Amino acid sequence: LGGYSRHRSAWERGGWEGVLSEISLDINRISERNLGRDNRVVGDHGRDSVAPYLDEDFVSFVNSLPVQYKVDFTKERGVGEKLILRKLAASYGLNSCSTLPKRAIQFGSRIAKLEGKKEKGGDKCTRFVRT
């Protein structure tokens with residue numbers, strides 16, 4: 001849905017082609033980069049993650065929509081990203097949260113800062129490897 005700052009940067013560098021390329025890259029690497037990390041965190045607490053927005057039919061449908069339905073980077077941060085979700089939230093009367101800047105859970109919860117490491121989601125964690 002084009003909500004990351006790297007999507008805005010891709011638009012500034014390469015226009016809509018840049019955004020589409022970045023979103024395609026996200027879809028192709030989500031299993032290693034995001035889902036592996038998220039599953040480890042959730043599983044560590046004895047839970048299973050549920051991600052209805054990752055249903056294959058839903059992803060295919062959203063990916064088939066013109067990118068301009070999903071983002072408008074001429075608008076400020078917190079308004080121009082994830083337009084579909086923002087409009088849906090506003091239609092349910094959730095006006096105040098429909099204009100908040102989106103934050104990824106690892107940043108919004110500040111968990112990434114607590115760890116204090118320069119790790120990426122797809123990196124193998126060497127701290128937990130037994131030798």
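Me: A contact means heavy atoms within 4.5 Å of each other. With that in hand, what covers the buried residues of α4?

Reply: One quick caution before we dig in: this is a predicted model. As for the cover over the buried residues of α4, it includes α3, residues 67-70.

Me: Let's zoom out for a second. How many helices and strands does the protein have?

Reply: The tally is six helices and zero strands. Going along the sequence, the pattern reads α-α-α-α-α-α.

Me: And how much of the protein is buried?

Reply: Buried means under 20% relative accessible area. Out of the 131 residues in the protein, 24% fall in that group.

Me: Back to α4, then. Which of its residues are buried?

Reply: The general idea comes first: an α-helix has 3.6 residues a turn, so residues three or four places apart point the same way. Now the case here: α4 runs over residues 83-91, and its buried residues are Leu83, Arg86 and Ala89. They span an arc of only 130° around the axis, which puts them on the same side of α4.

Me: Which residues sit on the face turned away from that buried side?

Reply: That face of α4 carries Lys87 and Ser91, and both are exposed.

Me: Now salt bridges. How do I spot one, and how many does a search of the whole structure find?

Reply: Look for a side-chain nitrogen of Lys or Arg within 4 Å of a carboxyl oxygen of Asp or Glu. The search finds six in this structure. One of them pairs Glu81 with Arg8, with the closest N and O atoms 2.9 Å apart.

Me: Which residues are linked in a network of salt bridges?

Reply: Arg6, Glu22, Asp26 and Arg29 are. Within it, Arg6 bridges to Asp26 with a closest N and O distance of 2.9 Å, and Arg29 meets Glu22 at 3.9 Å, N to O.

Me: Are Arg6 and Asp26 buried or partly exposed?

Reply: Arg6 is partly exposed, at 23% relative accessible area, whereas Asp26 counts as buried at 14%. Glu22 is buried as well, with 13%.

Notes: Residues are numbered from 1 along each chain as its sequence is written. This is a predicted model: local features need pLDDT of at least 70, side-chain atom pairs count only at pLDDT 80 or more; totals for chains, interfaces and linings use all residues. Side-chain values use heavy atoms; hydrogens and water are left out. Buried means under 20% relative accessible area, exposed over 50%, partly exposed in between (1.4 Å probe, protein chains only). Helices (H or I, at least four residues) and strands (E, at least two) are DSSP runs, numbered from the N terminus. The arc is that of the directions from the helix axis to the C-beta atoms.
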